[in-house]
Amino acid sequence: MENYRNGLGSFDNGYYNVATEYLTLALESGELDTFHMSRAHNFRGISHFKEDRFQAAYEDYIQGITLDDTFYCFYYNLADYYVTTSDIPSAAHAYSQAMDRYPEYPYAPYNRHVANNVLENYAEAERDFAFALSLDPSLGGNYDPTNHIYILAADCHEEVPRAAGLLALARTALLDNNPGGARVLLELLLEDEDAGAESRTEASHLMVQAAYSQAGSAPADDPGFYREVLSLAGQALALESRAPALYYQGVSSLHLGDEDAAHTAFSTLLAEFPEAPLAARIPLAQGEHFLQSGQHSQAVAMYEQAIADHPDN
């Protein structure tokens, strides 16, 4: 068992090549029972994976499963392998197998919701996300756009174009209340010369939405933030994502004190898209602006207009 213990110690300290050598000696020694053999395969597989020896990792995970098919980690790690090899459907299935064996492990449904988003199984993705949050509410605020499952899922899956994958992941980031993560993914898409016009249009729209969603963390009187939103809205207008771009252009102009520009943007929105949901929010945006600037009578008038236009809301 000494080689086994040395292997685990090396693994815990991040010495994955050393861990691989010790665990190989342990597996070849004939001293391990079935349980410890399965765990040795698990940790050697992870060590291979950490050093980019993906096929060797896969073989260890499979050998581990033949010894103990009840251990959830084998399936979770196997899902990570499938992500690196662009097999997102198999990754989603492996995450499901991990969930079957350890239903309380939150990262399996969380990562499966990302895989389902890439595969455009949006209803399943939303259920997975809700279940993951029920197990660990902190996951809603910990979206990491550099997590390999997100980037590799967008980059590798052959049946889903990269742009579609990035859009799906950006929507996931917004759902996760992480507009910063969404913007990282959208910037990757907008930098991709192979992305089509439709994808770029939606990305630009989402970029404006993500930027404006960050308003809660920006000072209300921060002109730099609203100039950035104006710039992004202008880019969206150029790509014909007009309704949301006009709305955010108008709101940002209000915050910058340019009521004429805001009036122009809002008037254009109402003329071109009178039924757009954002058009109904114009009086509320104007009322908020007037309230913050001390123009109380104008604020009351805007709020009364909003009530009259939508008495049921």
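Visitor: How many helices and how many strands does the protein chain have?
Guide: This is a predicted model, in which local features need pLDDT of at least 70 and side-chain atom pairs count only at pLDDT 80 or more, while totals for chains, interfaces and linings use all residues. Residues are numbered from 1 along each chain as its sequence is written, and side-chain values use heavy atoms, with hydrogens and water left out. Helices are DSSP runs of H or I with at least four residues, and strands are runs of E with at least two, numbered from the N terminus. On that basis the protein chain has 17 helices and zero strands.

Visitor: What percentage of the residues in the protein chain is buried?
Guide: Buried means under 20% relative accessible area, exposed means over 50%, and partly exposed lies in between, with a 1.4 Å probe and protein chains only. Of the 313 residues in the protein chain, the buried ones make up 46%.

Visitor: At what angle do helices α1 and α3 pack?
Guide: Axes are lines fitted to C-alpha atoms, for helices over the stretch in contact, and angles run from 0 to 180 degrees between N-to-C directions. For helix α1 (residues 2-12) and helix α3 (residues 34-50), the axes are 11 Å apart, and the packing angle is about 35°.

Visitor: Which residues of α1 and α3 make the contact?
Guide: Contact means heavy atoms within 4.5 Å. From α3 come His-36, Arg-39, Ala-40, Phe-43, Ile-46 and Ser-47, and from α1 come Tyr-4, Leu-8 and Phe-11.

Visitor: Which residues of α1 are buried, and where on the helix do they lie?
Guide: The buried residues of α1 are Tyr-4, Gly-7, Ser-10 and Phe-11. Seen down the axis of α1, with the arc taken from the directions from the helix axis to the C-beta atoms, these buried residues fall within an arc of 130°. They pack against α2 (16-29) and α3, whereas Glu-2, Arg-5 and Asp-12 are exposed on the other side of α1. The buried residues therefore line one face of the helix.

Visitor: Are the rings of Phe-49 and Phe-54 stacked or edge-to-face?
Guide: Rings of Phe, Tyr and Trp (its six-membered ring) pair if their centres lie within 6.5 Å, and planes under 30 degrees apart count as stacked, over 60 as edge-to-face and the rest as tilted. By this rule the count comes to 14 aromatic pairs. The rings of Phe-49 and Phe-54 have centres 5.1 Å apart and planes at 65°, so the pair is edge-to-face.

Visitor: Which residues does Gln-286 touch, not counting residues up to four places away in sequence?
Guide: Gln-286 is found in helix α16 (residues 282-292), and it counts as buried at 19% relative accessibility. With that sequence exclusion, Gln-286 touches Leu-254, Phe-266 and Met-302.

Visitor: What distance separates the C-alpha atoms of Glu-202 and Leu-167?
Guide: Glu-202 lies in helix α12 (residues 197-213) and counts as partly exposed at 30% relative accessibility. Not counting residues up to four places away in sequence, Glu-202 touches Leu-167 and Arg-171. Glu-202 and Leu-167 are 35 residues apart along the chain, and their C-alpha atoms are separated by 7.9 Å.
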